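Hi everyone, thanks for coming. Today I'd like to walk you through one structure, step by step. Please have a look at it before I start.

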Amino acid sequence: MTTSNGPVPKPGNSPAELALFGGTPLFAEPRATGQLANRAPERFFDLASGAFERRWLTNQGPLVQELEEKLSRLHGTVHCIAFANACFALMLALRSLARPGARKVILPSLTFRGLPHLIRWAGLVPDYCDVDPVYHTLDPDRLAERIDADTAVVLAVDNVSALCDIDAIETVAGAAGVPVLLDSVYGIGGSYGGVPVGARGCASVFSLHATKLINGFEGGYLTTDDDALAQELRRQRNFGFGDDGTVRQLGMNAKLNELHAALALSNLPHLESIVADNARRFDIYRRNFADIPWLSFADYSRSPGNYCLVLLEVLPEAPYSREELIRILRAENALVRPYYSPPLHRSDAALFGPSEARMAELPVTDSVSGRFIQMPVGDTMSAADIAELARLFAFLDEHSRPILDRLRSDNQ
Amino acid sequence: MTGAPPNHDPLNGKPLHVGQLNLPSTESFREAFDGLFDRRFFANHGPLERQLDRELAQRFGVRHAIGVVNATVALMLTLRALDLKGEVIVPAFTFPATVQSVSWAGLKPVFCDVDPDSQTLTAQTVAPLIGPATAAIMGVHVWGRACDPIGLQELSRRHGLKLLFDAAHAVGAGFRGRPIGGFGDAEIFSFHATKILNGVEGGCITTDDDELAARLRKMRSFHEADGSTPLFRMNAKMSEAQAAMALLGLRDLDGLIEQNRRRYALYLGHLDGIPGIRFIDYAGDEASNYQYIVLSIDPPVAGLSRDMMLERLRSRQILARRYFHPGMHRTLPYSADSVPHLPVTDWLCDTLIQLPTSQQVSDRDIATICSTIRDAVMTSRDAAKESA
């Protein structure tokens with residue numbers, strides 16, 4: 001009955017059949033929470049073979065240039081600058097945009113755990129701001145309270161379920177004279193009332209990591225209309241070299257290579273179908289999970305529409321805790337994760353050390369970070385897989401008492 | 001007359017570049033990438049990257065090799081992992097990455113002159129610069145020649161300093177029977193496409209220090225979050241594509257070194273006896289990868305400057321390079337305050353020339369390059385004699 005890829009049908013009669021209690025996992029192969037799309041491998045091999053013939057494998061080769069041109073068209077910006085990954089783009093952009101003399105970067109605490117490290121690499125310090133309870137993006141009112149003379153940059157983040165409130169954020173930051181940088185990794189494909197994501201703020205950063213919409217193995221890029229910023233970042237990603245080959249400023253190696261660009265270029269034409277598949281999967285999730293009374297999904301009404309993550313909400317009346325559900329699902333080879341949990345302000349006190357008073361100022365973040373599960377998505381996840389997960393949840397709902405008894409007694 | 005006729009155009013008009021660009025066979029590339037695609041494992045410390053780390057550790061004779069996205073980021077991470085404060089003594093005769101990584105780690109580079117023969121730092125050149133603020137020494141195995149590893153190890157031990165080596169040039173090189181990779185606290189290699197081991201981009205850190213290795217493995221990604229997060233983590237992951245390329249390159253490495261050695265010997269033979277031309281000597285008793293063909297030009301004897309020689313070569317589509325030019329002490333932001341007096345570095349920066357050597361460079365090309373150099377010297381010396 002077990003196929004290498006398909007789910008293992010479960011009779012669903014006894015808690016002992018759960019993988020957590022020693023049963024056979026629902027999925028023989030892990031189901032991941034990333035896109036992992038690879039839609040045109042032959043196109044990749046063609047592009048790679050061109051790079052080999054040219055003997056031009058990195059250092060701003062023709063494939064990187066082509067990718068930059070196509071992405072700047074996609075986002076409607078003057079410049080697109082490719083990087084070895086999105087982290088380097090953020091780090092270098094933060095350093096370039098920071099207001100001289102100011103040290104703090106305001107960002108949500110409910111976001112990617114790498115961001116505070118990148119801020120530190122850029123010579124700045126993180127300053128966490130609470131989020132909106134519905135959209136989970138920077139709350140403009142809280143931002144207005146936090147912003148001050150020591151704010152160097154506002155790092156706003158677009159979420160998969162909701163784009164940030166860019167109009168309000170730009171108004172607040174603009175009044176204080178602080179530049180806005182956007183982490184739009186999850187905002188790709190969306191638009192802020194007609195303006196494509198990527199074309200607002202001083203600059204926006206995107207990822208070409210395999211788990212994201214456009215798979216380039218690793219990779220990232222920044223979009224901007226600012227000529228001076230673009231010139232500076234193009235230098236900084238290549239050791240600060242100017243056009244004449246002499247070093248003009250501090251830089252590093254943040255170059256995207258040609259093989260990574262080749263994979264991104266091979267997948268880029270399939271962006272629409274990847275997004276359509278995601279939307280279809282999300283719809284299947286919603287329909288299949290509708291009958292479980294203690295589950296919901298994040299509010300996607302302001303989403304960019306790429307559905308690259310499915311955020312399942314565990315409601316307060318659920319018999320299981322979010323963590324118990326995650327343990328059960330992971331044992332079944334559904335590699336789910338808690339969504340942005342713990343939040344950044346609670347993830348490493350030694351590094352970022354917010355005071356107790358500051359911790360108390362992020363109540364919405366604390367609440368949201370306890371409730372959501374990132375469900376399996378992407379190209380490894382079929383409609384049948386989602387149906388199986390829904391069956392598993394129905395089983396968990398029906399047999400919650402004996403399952404929880406066993407789960408909690410095993411823990412003691 | 002030696003070599004090709006004066007108007008011979010190497011590679012039928014295609015320019016000859018410096019840099020190795022060693023490529024795997026089409027079949028082995030296809031096989032490796034088909035496997036990668038079948039697994040759908042594209043990044044995030046996949047099976048190829050883990051295998052590469054093991055094979056590199058074995059090759060370099062060290063306990064740990066930690067693969068990362070490129071060598072510059074490897075240097076940045078290593079300096080941060082050592083949690084240093086103060087100054088790092090570095091050569092100015094190096095690629096920008098060596099010095100810039102020190103700045104990214106929040107440290108101050110202190111430029112040290114190099115030995116005129118080895119072109120590297122030595123215990124002798126470094127010792128006078130050690131002061132109360134010195135935290136570490138970072139030597140560079142320029143051209144793959146060992147940077148006085150024993151002398152610098154003794155010196156750093158005596159002063160309680162950390163010792164790192166930028167081994168970007170040194171994959172496959174050795175010193176007194178030991179592979180480069182196990183000297184100092186850590187060494188950093190490059191797998192840039194122009195280097196002998198081609199990971200497209202890529203690099204690794206080698207060390208025998210278990211604690212440093214564990215810290216670096218955490219710092220190179222944001223994956224493990226166990227509450228003991230080190231400072232300054234980074235997405236420094238090497239992709240499976242990079243690891244696949246580097247693994248294929250490792251398989252061929254000994255053959256590639258042998259090809260380089262053969263081209264080196266050809267260059268050596270053709271250039272022998274040209275006045276004012278000095279050829280970098282890879283001393284016979286040390287293991288080298290021979291990936292750099294480097295000459296110094298002594299203008300008073302050769303009758304022309306290094307830049308004039310470059311022009312002559314470039315006019316024949318031989319795209320030789322100045323390496324390194326200018327010295328890092330003369331670049332921004334370091335030159336903004338003051339430029340230290342580094343006479344050997346300045347002399348090397350003004351007189352060195354790097355010539356093409358790769359699978360794309362044929363024996364006939366080497367003969368052409370060398371005859372171009374010989375002709376340039378001879379005509380310049382004749383012209384100088386006539387005007388005298």
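Let's begin with one residue in chain B. B:His45 has a relative accessibility of 15%, so it counts as buried, where buried means under 20% relative accessible area, exposed means over 50%, and partly exposed is in between, using a 1.4 Å probe and protein chains only. B:His45 sits in the loop between helix H1 (26-39) and helix H2 (47-60) of chain B. Helices here are DSSP runs of H or I with at least four residues, strands are runs of E with at least two, and both are numbered from the N terminus. The phi angle of B:His45 is near 55 degrees, which is a positive value in a residue other than glycine.

A word on how to read all this. This is a predicted model, so local features need pLDDT of at least 70 and side-chain atom pairs count only at pLDDT 80 or more, while totals for chains, interfaces and linings use all residues. Residues are numbered from 1 along each chain as its sequence is written, chains are lettered from A and ligands numbered from 1 in the order in which they are written, and side-chain values use heavy atoms, with hydrogens and water left out.

A:Asn333 is not a glycine, yet its phi is positive, about 75 degrees. You'll find A:Asn333 in the loop between helix H10 (322-331) and E12 of chain A. With 18% relative accessibility, A:Asn333 counts as buried.

Next, cis peptide bonds. In chain A, the bond from A:Ser341 to A:Pro342 is cis, with omega near -5 degrees. A:Pro342 belongs to the loop between strand E12 (337-338) and helix H11 (349-352). In chain B, a cis peptide bond joins B:His325 and B:Pro326, with omega about -10 degrees. B:Pro326 is in the loop between strand E13 (318-319) and helix H11 (343-351) of chain B.

Staying with chain B, how many of the 9 residues of helix H4 (residues 96-104) are buried? The count is 8, so this helix is largely enclosed by the rest of the structure. Among the buried residues of H4(B) are B:Pro96, B:Val99 and B:Trp104. Just after H4(B), B:Gly106 takes a positive phi of about 75 degrees.

Now for the cysteines. A disulfide is a covalent bond between the sulfur atoms of two cysteines. Here the rule is a pair of cysteine sulfur atoms within 2.5 Å. By that rule, the count over all chains is 0 disulfides. Take B:Cys112: the nearest cysteine sulfur belongs to B:Cys147 and is 9.1 Å away. B:Cys112 is buried, at 1% relative accessibility. For B:Cys349, which is in no disulfide either, the nearest cysteine sulfur is that of B:Cys112, 14 Å away. B:Cys349 is buried too, with a relative accessible area of 3%.

Finally, let's step back to chain A as a whole. Chain A has 15 helices and 13 strands. Its radius of gyration is 22 Å, close to the 22 Å from the globule rule for 412 residues, so chain A is as compact as a globular protein of that length. That radius is taken over C-alpha atoms, and the rule is 2.2 Å times the number of residues to the power 0.38. Of the 412 residues in chain A, 60% are buried. Along the principal axes, the C-alpha atoms of chain A fill a box of roughly 70 × 60 × 40 Å.
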